[in-house]
Amino acid sequence: MDKILNLLEQNATYTVEQLAAMCDRDEDELRATIDKYEKDGVILGYQALVDWDKTDREYVSAFIEVKITPKHDFGYDKVARTISQYPEVQSVYLMSGVFDLAVLIEGKTLREVAYFVTHKLSTLEDVMSCSTHFVLRKYKDKGVEYRVPDADIRGEL
Amino acid sequence: MIDYSKVLSSTVSEMKPSGIRKFFDLLQGRDDVVGLTVGQPDFVTPWHIREAGIDSLKDGKTYYTSNAGLEELRVEIANYLERRFSLKYDGASEVIVTVGGSEAIDLAVRACVEPGDEVIIPTPCFVCYEPCVRLAGGTPVILETKAKNNFKVDPEELRALITPKTKMLVLAYPNNPTGAIMTKEELEEIAEVIRDTNIVVLSDEIYSELTYGRKHTSFASIEGMHERTIVASGFSKSYAMTGWRMGYIAAPKILAKQMLKLHQYVIMCAPTTSQFAALEAVKNGDSDIEMMKEEYDRRRKYLLKRFAKMGIECFEPEGAFYAFPNIGKFGLSSEEFCERLLNEYKCAIVPGNAFGETGEGFARISYAYSIKHIDQALDRIEEFVKTI
């Protein structure tokens, strides 16, 4: 497995020059490799982790457990792809256990989320039931703790 | 009124404060400065190690341990030294858990050095050896390592400094501040010089886990050297545990027994909470070491590449987390260079002469920082050197 992927997952702001120097790779070769990762859908995007609670943005997010009607000869892909189309849906996972899909959604208000669940998600033909849990606070996401980083007060020894 | 000059020990009063300290005083209260000065990891102690410390408190383990430290910890340190560096020590009688590597150094020096004894100290080096020797009444004899030898101890230069009074040789590799290491073959040459003497070696191996490209060789593992070597090491650098103050000594029983007496009267025992955390580290922390080492190595490579682009000469440091670039060509003393860099470009690095006169013309750069931080500092250094 290519270490570059771990490094970019940790920090997408690394430049090709930095990555090449850090990993003893040729810059041109590395640039081509990353291009290929993007083309092949191995690297799908580069995003910042924003703690919206520290801004004036009003938003709510919810984690929805979705049960799907079991059907003969029918996988979960179709309904999962359909749910993924909604722009308010942030994540969709197929799960083992008592429910089938975990859907993470974000909306401006509680009412907006409620509307999405009652009018869009639960009305989908194959959706049997939804159980909605509102997120109260985010502590960690993508391996990063949501708190102000500590100042560097290491002793100068 | 009391006359303090009559109260204070002249040995202590005459001792100069650490050269690093002097430079850091200039940094006080400056939050606009990007520094590469810190000599400790930027990682937090891995959680399973912190948790072991916390659990020991929850379980009420707040007692003194035995003087030498928890026996289980000493045995595990001995296992670790064998696993990682092929060293053989009896944990019960040849390992002492100390308050950081610093206490280990002090114990080793004081257990051996008497007034009139000479201790050979290769420089540039960490700042504590010389004062420790002086406090023991010994005479430090400086062996100046050279950039052209990649700051390694030259066996012939060592031979030339040995006198009938030479009691101890300090070897501190991987080295702070240069990042130099000494290979097995090079250590064997040193061993040849002292083999038929009564010189004891204090081998400070606190950075032994941080070598890049080749594995560390402990001086005690060189044939015939076990009997005359005191290994001083600790958990600070390898497991990012600086604040826990956990070090140790490994030495032949006869030496360990005497050092333990000193430790017993001065310290009693190392902090118990830290000992339980260290136990977890030494048993289950090998993969943490690898993770941190890989990260340091990436920064090291990046740093060297940027120096090369800037036209700053820097020999390849193979250990610790420091680079020691040659700034001599800019025509400023190390202190002038660092002070101007600080005042004009708000970037702090440590002048090489803080680690001994032979560090003049160099500067210590720590890469125990994120790439982003290193990049910012190097941008400032690049701008500065363009102007001189």
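Reader: What separates the centres of domain 1 of chain B and domain 2 of chain B?

Author: In this predicted model, the centres of domain 1 and domain 2 of chain B, taken over C-alpha atoms, are separated by 24 Å. The domain assignment gives domain 1 of chain B as 4–45 + 288–387 and domain 2 of chain B as 47–285. Across the boundary, 34 residues of domain 1 of chain B are in contact with 37 residues of domain 2 of chain B, where a contact requires C-beta atoms within 7 Å.

Reader: Which elements give two or more residues to the side of domain 1 of chain B that touches domain 2 of chain B?

Author: They are helix 3, helix 13 and strand 9 (322–323) of chain B, and helix 13 of chain B has the largest share, with seven residues. By class, that side of domain 1 of chain B has 16 nonpolar, 12 polar and six charged residues.

Reader: What separates the centres of the two domains of chain A, domain 1 and domain 2?

Author: The centres of domain 1 and domain 2 of chain A, again taken over C-alpha atoms, are separated by 34 Å; the assignment places domain 1 of chain A at 3–39 and domain 2 of chain A at 52–138.

Reader: How many residues of chain B are in contact with chain A?

Author: 11 residues of chain B are in contact with nine residues of chain A. Helix 3 (19–27) and helix 13 (286–310) of chain B each supply at least two residues of this side of chain B, and helix 13 of chain B gives the most, with four residues. Sorted by class, the side of chain B that touches chain A has five nonpolar, three polar and three charged residues.

Reader: What makes helix 4 of chain B oblique to helix 12 of chain B?

Author: Helix 4 (residues 47–58) and helix 12 (residues 272–284) of chain B pack at an angle of about 140 degrees, with their axes 8 Å apart. Because roughly antiparallel requires an angle over 145 and roughly perpendicular covers 65 to 115, the pair of helix 4 and helix 12 of chain B counts as oblique. The crossing of helix 4 of chain B with helix 12 of chain B is right-handed. The contact involves residues including H48(B), G53(B) and L57(B) of helix 4 of chain B and, among those of helix 12 of chain B, F276(B), E280(B) and N284(B).

Reader: Why are helix 14 of chain B and helix 15 of chain B called roughly perpendicular?

Author: The axes of helix 14 (residues 334–345) and helix 15 (residues 371–387) of chain B come within 10 Å and cross at roughly 105 degrees. The range for roughly perpendicular is 65 to 115, and helix 14 and helix 15 of chain B are therefore given that name. In this contact L341(B), E344(B) and Y345(B) of helix 14 meet R380(B), I381(B), E383(B) and F384(B) of helix 15 of chain B, and the classes are four nonpolar, no polar and three charged residues.

Reader: What makes K142(A) exposed?

Author: K142(A) has 8 other C-beta atoms within 10 Å, and since 12 or fewer is the cut-off for exposed, K142(A) is exposed. K142(A) lies in the loop between strand 5 (140–141) and strand 6 (144–145) of chain A, and has a positive phi of about 50 degrees although it is not a glycine. Most residues other than glycine have a negative phi, and most peptide bonds are trans.

Reader: Why does R245(B) count as partly exposed?

Author: R245(B) has 19 other C-beta atoms within 10 Å, and because buried requires 20 or more while exposed requires 12 or fewer, R245(B) is partly exposed. R245(B) also has a positive phi, near 55 degrees, and is placed in the loop between strand 7 (229–234) and strand 8 (246–250) of chain B.

How values were computed
Residues numbered from 1 in each chain as written. Chains lettered and ligands numbered in written order. Predicted model: local features only at pLDDT ≥ 70, side-chain atom pairs only at ≥ 80, totals over all residues. Axes fitted to C-alpha atoms, helices over the stretch in contact; angles between N-to-C directions. Parallel < 35°, antiparallel > 145°, perpendicular 65-115°, else oblique. Left-handed = near helix turned anticlockwise from the far one by under 90°. Contact = placed C-beta atoms within 7 Å. Nonpolar A, V, L, I, M, F, W, Y, C, P; charged D, E, K, R; others polar. Domains from an automatic or database assignment.
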